[in-house]
Amino acid sequence: MKIFLVGATGRVGSEFIKLALAANHQITAFVRDPKKLSVNNPGLTFQTGDLKDIPSVRTAFFSGAWDAVVNVAGADPLKPSSLVTDTAKVLVPLAEEAKTPRYLAITGTAEMPKTLGGRISIAILMRSPVGHGARDHDGALLVVRASTLDWALIGCPWIKDEPSRGKFKTEKVFTGGMKTISPGDVALAIFREMENPSVHRDIIGVWY
Ligand SMILES: NC(=O)c1ccc[n+]([C@@H]2O[C@H](COP(=O)([O-])OP(=O)(O)OC[C@H]3O[C@@H](n4cnc5c(N)ncnc54)[C@H](OP(=O)(O)O)[C@@H]3O)[C@@H](O)[C@H]2O)c1
């Protein structure tokens, strides 16, 4: 598949690149600084720019035709930011214009359907600094929901720096509590959803 990837230099993005290249997919990574990735593989090419520079995103996006857009860009979730929402506002219309068959991105457990326990956990989280990240993802969810795309969002709890396990739960409803998932396993969930779509215009939660 031909993939347009944003957030390639991040924790999840760099793990996604390993999985996608090993499966012989072709990635075009939209990055601010290609030197951040020490991957030398003919399956990986770069388009340089900044997500805040909309013309640079548009030029990069229309440098090819894509089977999937994978958006794993993010800002510091503990600080106010609209990066995730603004990125969706740029990428989603481009993918619609190009009729890109699949749009895959990350969201949080706050954006998932919840049990009472889940609602209590998220109410606490929204009062913490992590609420900044959740509000940014709330905005992105509105954008993808309003689109015509075949989208799937991977609903993540705390993405904790730990080794991939290769096994995790996939859930439609967040039941609360402190859950974690590693960057490598988030990448694996996106990769699986890209290769074998099982979720359409919906969120699938992943945690251990
Ligand atoms: N942390 C958590 O526990 C948690 C929980 C739920 C969901 N999430 C979400 O998961 C996603 C991935 O997280 P992560 O930890 O892999 O993120 P990360 O390591 O912080 O990586 C963020 C990526 O976004 C890129 N980026 C940021 N601003 C950009 C800009 N203006 N132009 C171009 N690229 C830009 C960064 O590029 P540079 O290398 O150039 O900075 C980097 O590649 C994020 O959307 C995050 O909100 C995180």
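Helices α1 (residues 11-22) and α6 (residues 183-195) pack at an angle of about 55°, their axes lying 8 Å apart; the two helices are therefore oblique to each other. Angles run from 0 to 180 degrees between N-to-C directions, and axes are lines fitted to C-alpha atoms, for helices over the stretch in contact. Under 35 degrees counts as roughly parallel, over 145 as roughly antiparallel, 65 to 115 as roughly perpendicular, and the rest as oblique. The model is predicted: local features need pLDDT of at least 70 and side-chain atom pairs pLDDT 80 or more, whereas totals for chains, interfaces and linings use all residues. Residues are numbered from 1 along each chain as its sequence is written. Helices (H or I, at least four residues) and strands (E, at least two) are DSSP runs numbered from the N terminus.

The contact (C-beta atoms, placed from the backbone, within 7 Å) involves R11, V12, E15, F16, L19 and A20 of α1, and P183, G184, V186, A187, L188, I190 and F191 of α6. These residues comprise 10 nonpolar, 1 polar and 2 charged. Ala, Val, Leu, Ile, Met, Phe, Trp, Tyr, Cys and Pro count as nonpolar, Asp, Glu, Lys and Arg as charged, and the others, Gly among them, as polar.

Helix α1 also gives the largest share of the shell around the ligand, 3 residues. Of the 27 residues around the ligand (C-beta atom, placed from the backbone, within 6 Å), T9, G10, V12, L51 and G74 come nearest. Elements giving two or more residues to this shell are α1, α3 (83-97), β5 (103-108) and β7 (158-159). By class, the shell has 14 nonpolar, 7 polar and 6 charged residues.

Methods. Two residues are in contact if their C-beta atoms, placed from the backbone, lie within 7 Å.
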